[in-house]
Amino acid sequence: MERLTKNKNLQYLNSLFISIFASLLIGALIMIANGRSPLVGYGALLTGAFGSKYNIATTFAKTVPLVITGLATAIAFRAGISNVGGEGQLYLGAFAAAYVGITFTGLPGIIGIILAIIAGALVGGAYGFVPAILKVKYKVDEVITTIMLNTVATLFTAYLVNYPFASSQGKMGGTEMVAEQFRFSRLVKLSTLNTSIFYMGIIAVVIYYLMEKTSYGYDFKIVGQNSIFSRYAGIKDKNQMVLAMVISGGLCGIAGALEVLGVHYRFLQHISPGYAFDGMLIALIVKNNPIGVVLMSIFFGALKTGSIAMENSIGIPSELVSVIQSIIILFIAGEAGFKNIYKNWKMKKTANSKVGEKIV
Amino acid sequence: MYEKVLELKNVSKQFPEVLANDNINLDIRKGEIHAIIGENGAGKSTLMNILYGLHEPTTGDIYYNGKPIKMTSPLDAIKIGIGMVHQHFMLVPSFTVAENIVLGTEPTKRKIFVDKEKAIESTKKLSETYGLTVDPKLKVESLSVGVQQRVEILKALYKGADVLILDEPTAVLTPQETDELFKVIKRLVDESGKTIIIITHKLQEVLSISDRVSVMRQGKMIGTLDTKDANEKILAEMMVGREVLFNKIDKKHIENRKHEEMLKVEKLRARDNRGLIALRSIDLSLKSGEILGIAGIEGNGQSELVEVLTGLREKESGQIFINGVEISNKSPRDIRELGIAHVPEDRLAMGLSKDASISENILMGNQHNEPYAIKGIHLNKSKIKSKSRKLIKEFDIRTPSEDVLVGNLSGGNMQKVIIAREFSFNTPILIISQPTRGVDIGAIEFIHSQIIEKRNQGCAILLVSAELDEIFRLSDRIITIYEGIITGEFKEGEISKQEIGLYMTGKNIQI
Amino acid sequence: MFKELFNLTLLQHTIRTATPLILAALGGLLTQQAGILNIGMEGMILLGAFFAVVGSYFFGSSLAGVALAAIIGMVIGLIFALFVIDLKSDEFVIGIAINMFAGGLTVFLLRSIFGVKGAFSSPDIVPLPKLNFPFMDNIEFLNIIFNNHTIFIYISWILVIFIYMYLYKTPQGIWLRGAGEYPDALETAGISPRKMKYTSSIACGVLCGLAGAHLSLGYLTLFTENMSANRGFIALAAIIFGKANPIGTFLATLLFGFFDALGVRLQVVGVPAQFTQMVPYLATIFALVIVTKRQMNKGKKNKEEAINLGE
């Protein structure tokens with residue numbers, strides 16, 4: 001009776017690859033329907049993502065916000081609280097960093113940068129605190145509140161950059177540039193890849209360490225898996241949930257700050273094309289595994305970069321990639337269901353032969 | 001000769017992991033009140049769900065009035081004339097009484113709209129016919145539990161039930177409501193000729209209301225007898241007896257041993273999840289080096305007692321002392337630090353995370369402590385691993401590795417993981433609830449010997465079990481609990497299994 | 001200035017802005033009542049808007065556009081139901097996947113079918129007909145507010161009543177609500193809650209498709225990228241604010257439509273619109289907190305009552 005499946009991760013990896021492969025196959029079918037050769041299409045995508053130094057740099061530049069928001073979502077999900085509000089936390093964090101960068105122009109570079117990042121983290125974390133408290137105190141569904149708070153944040157920052165903090169060039173939907181010493185330097189010519197990737201690296205290592213190697217990460221995990229068990233064993237489960245959400249919000253805030261300091265050098269009204277949403281999907285796909293988040297972010301970054309090259313060189317619209325990504329999500333979300341249906345079907349077939357077996 | 005209204009022949013039901021019903025034979029006579037009793041997990045509910053078309057039997061046949069029937073959904077059961085009153089009422093809380101009663105078979109006007117007047121009218125008529133007063137226009141959520149049950153009964157009658165199955169009908173009722181319900185049941189049989197099947201584990205009720213009684217245990221039908229030939233002792237034995245009798249366990253009597261009072265409970269009072277009084281006034285004292293067994297039929301306050309003692313439930317009044325320290329309003333963590341370890345009754349819900357590995361489950365409680373966490377932060381994988389391996393070996397957990405997810409283990413091995421973890425805290429007090437429920441015989445022997453070992457080392461052990469054999473085998477002292485009151489206290493050997501039934505059913509006292 | 005802001009045209013704009021919200025919210029409240037939180041409405045609306053343009057452009061008829069939007073809505077609703085109900089996937093993950101799918105697919109098809117980026121408009125797209133009631137022409141109040149709207153506005157109002165009747169007066173509607181509140185009660189009464197959930201999800205897809213058709217064939221006849229512009233989420237807010245009751249939700253959409261229309265006008269006179277635009281979201285969060293707080297108090301009261309009974 002003991003089914004000892006040690007290699008559950010391996011099994012999951014298996015389904016993941018099947019899902020990705022199936023989605024790419026559907027993408028290929030769409031290309032064929034569109035009158036293009038999938039081989040040429042995916043070839044262009046691959047070279048577009050990794051074909052040159054510039055392309056590789058662009059792929060990694062796109063990876064930075066995905067990794068951070070992905071880790072942010074993963075840590076909250078792991079503690080059993082769903083942070084769908086990353087986008088709002090990112091916007092507010094980005095604005096806070098820009099505010100520091102245009103206000104404290106007298107600060108030396110490194111201190112200024114750290115201050116800006118901390119400001120982003122604090123504001124993002126505080127914005128994550130609100131839905132977390134509403135959840136543990138009033139049992140208000142955090143999925144709904146965080147979705148609602150996203151739009152509130154984007155509207156609020158839109159107001160800020162169009163009114164009190166409008167750039168002197170007029171209402172162009174952006175703030176003034178941050179002071180020179182706040183700007184990260186670019187690493188590869190023409191690409192937006194900048195030193196924020198090092199910050200990302202540090203964050204990834206710290207979060208990985210926190211989630212996988214420490215007692216705090218352990219507490220998060222157990223609370224997320226079975227909160228009654230955690231309470232029974234002496235963990236304060238509600239506090240853990242709030243803490244995880246604040247860390248998650250803080251990370252999204254940092255992701256926003258890095259976009260400001262590394263890419264745009266100012267806060268823009270539309271600074272994120274949904275990074276936190278992509279990051280959340282990445283976390284869902286890899287089941288909140290931090291290493292998985294990093295790898296899947298690179299994959300998503302490559303898809304995004306490659307798709308633009310694919311569009312430029314052979315004219316397949318780059319949005320095909322969004323379609324493929326969304327189908328991956330559907331397959332992954334349905335994975336357990338597909339397996340269950342298969343299992344039930346199999347059980348029905350063998351049910352009769354099993355009667356009479358002893359109870360275990 | 002009696003007229004058989006319902007008959008089951010060799011009915012079995014196999015679930016993926018368990019054989020819930022094993023070759024059941026049962027006949028129900030027309031116009032009788034037939035009680036089916038058994039402990040939790042004996043297979044009563046599965047049997048009832050088969051009779052109500054919610055489960056299809058894997059093998060076996062069912063006959064209604066002598067004709068074979070096949071039911072694939074409750075709709076079939078309803079059509080045949082079988083109605084069910086579920087333990088968790090199947091009523092939509094925001095709907096009115098009338099809406100709930102006609103749900104699924106609403107009367108309509110112009111074939112489109114629900115005819116509310118007619119629904120209310122029918123409800124009124126129905127409630128008058130059977131003498132079950134309800135206000136058809138009230139929302140169900142505003143009704144007391146007793147009235148909700150009345151609605152549930154009316155619902156079954158509205159659908160034309162001749163055979164009415166009541167699943168644990170008194171579990172949620174107050175004593176007054178129970179009396180009221182029994183009057184209703186009697187009336188339904190005497191005046192309307194209905195047949196009643198009542199599922200319960202309360203022996204007294206069985207004796208007071210039923211005509212015949214069938215006993216189930218571990219998925220099997222143990223036997224059916226006329227209630228007039230039954231008494232509590234006989235039924236209790238049939239319910240809890242084990243097929244395999246244990247060898248006498250070797251309990252060392254350590255002479256001149258100091259027995260210090262470790263845990264003291266005074267006038268403890270607490271409520272259950274529904275807000276009803278579960279513990280009326282409990283006094284007990286637990287000493288080091290002894291096993292105090294709490295014997296009682298399930299649902300008499302044992303669970304609540306354990307929860308209060310471990311900080312998982314608030315008490316209403318009274319005092320608890322651990323080693324002389326009062327523990328009111330202390331968190332589970334504080335209580336653990338004061339020296340209580342706890343093996344909970346519900347393994348999967350409380351004792352484990354089945355998505356975590358064996359070593360992660362074993363780590364629980366020590367995750368912030370040296371040497372398992374360096375400076376309380378960095379998890380020391382090798383120390384955790386070596387501890388897990390040691391415990392796996394010591395407690396005979398059958399697994400190829402400590403990295404196996406606990407959800408993949410058998411019930412017995414899961415239980416050993418919990419026992420290994422809680423015993424390894426080496427606390428002076430252990431609270432152990434249902435240590436061998438759903439555990440195979442071999443593992444039971446092992447777990448029992450571990451508990452004795454702990455006692456011999458001087459641990460104070462509070463043992464709660466629904467298995468009388470287990471209580472008798474392990475305890476140095478036994479107390480009986482009934483309806484939240486301690487009804488008796490005995491030293492080992494002072495009372496027989498036969499006699500203790502009286503105390504477990506409150507027969508010796510007046511409440 | 002007050003007169004410039006608050007006049008009959010504001011009400012007219014309120015009604016126009018509210019219409020796609022009403023349609024989508026009516027769909028969403030059906031799933032909500034059946035116990036499914038539908039975050040995918042945003043994507044369903046977007047797909048509806050796009051395929052309405054496709055149908056109208058290629059078949060030269062707005063009816064064809066509407067039909068195509070409804071069909072695509074139905075298909076998406078069916079897929080949503082399949083994953084959420086039968087495969088037991090997380091409803092919010094599927095919702096987000098549908099939104100992402102819709103965003104990608106519409107832009108992809110915009111480029112591959114029409115060969116344009118950003119927006120597509122053409123005189124060949126046939127708009128929805130507008131209804132003129134001659135008797136209103138001379139009464140300024142009625143004329144501005146209620147006359148010369150697209151047919152969808154009137155349909156949406158009729159639908160509010162229709163769905164209200166369905167949910168509260170017909171057996172099927174009662175079953176649908178029962179399926180959401182307590183599926184086991186339905187199951188034991190011999191009605192399949194699964195069927196009711198499927199029905200709600202498909203109906204939601206169709207209604208969101210129609211909402212999209214109104215966006216792209218109503219007052220503007222064009223499709224732009226991300227045309228739904230958060231309307232799916234505002235509709236969700238209206239559902240929660242209106243407690244998934246058709247009348248309450250209808251009033252909530254009017255309220256949110258009003259603030260949206262007001263914001264547009266405020267912007268014209270130089271006042272930031274963002275705060276009026278925030279209203280639906282903040283109002284919903286407050287409503288949620290108040291509702292749960294009230295429920296908790298009620299729970300406490302019930303417990304006290306139970307305690308009294310127990311003694």
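# A walk through chains A, B and C

Start by selecting residues 109-138 of chain A: this is helix α5, whose 30 residues reach 43 Å from first C-alpha to last, close to the 44 Å expected at 1.5 Å a residue. That expected span is 1.5 Å times one less than the number of residues. Helices here are DSSP runs of H or I with at least four residues, strands are runs of E with at least two, and both are numbered from the N terminus. Step just past α5(A) to Lys139(A), which takes a positive phi of about 60°.

A note before moving on: residues are numbered from 1 along each chain as its sequence is written, while chains are lettered from A and ligands numbered from 1 in the order in which they are written. You are looking at a predicted model, in which local features need pLDDT of at least 70 and side-chain atom pairs count only at pLDDT 80 or more, whereas totals for chains, interfaces and linings use all residues.

**Next stop: helix α7 of chain A**

Select residues 196-213 of chain A. Which residues of α7(A) are buried? They are Ser196(A), Tyr199(A), Met200(A), Ile203(A), Ile207(A) and Met211(A). They lie on the same side of α7(A) because they cover an arc of only 100° around the axis; the arc is that of the directions from the helix axis to the C-beta atoms. Turn to the other side and you find Phe198(A), Ile202(A), Val205(A) and Val206(A) exposed. Buried means 20 or more other C-beta atoms within 10 Å of the residue's own, exposed means 12 or fewer, and partly exposed is in between, with C-beta atoms placed from the backbone.

Show the strands of chain B and look for an open, mixed sheet of six in the order β6-β9-β10-β3-β11-β12. Two strands pair if DSSP finds at least two bridges between them. At the edges stand β6 (82-85) and β12 (220-226), each with a single partner strand, so one side of each has no neighbour in the sheet. Further in, β3 (33-37) and β10 (195-200) of chain B pair in the parallel sense over five bridges; Ala35(B) has Ile198(B) as its bridge partner.

Then select residues 261-271 and 277-287 of chain B. These strands, β13 and β14, pair in the antiparallel sense over seven bridges, with Ala270(B) partnered by Leu279(B). They form a hairpin with five residues between the strands, and Gly275(B) in the turn has a positive phi of about 90°.

**Last stop: chain C**

Display chain C beside chain B: 19 residues of chain C are in contact with 26 of chain B. On the side of chain C that touches chain B, the elements giving two or more residues are α8 (171-181), α9 (183-188) and α13 (274-310) of chain C. Of these, α13(C) gives the most, with five residues.

Finish at Gly35(C), in the loop between α2 (8-33) and α3 (41-59) of chain C. Gly35(C) is buried, with 20 other C-beta atoms within 10 Å. Leaving out residues up to four places away in sequence, Gly35(C) touches Ala179(C), Gly180(C) and Lys197(C). Gly35(C) and Ala179(C) are 144 residues apart in sequence, yet 7.0 Å apart in space, C-alpha to C-alpha.

Key: Two residues are in contact if their C-beta atoms, placed from the backbone, lie within 7 Å.
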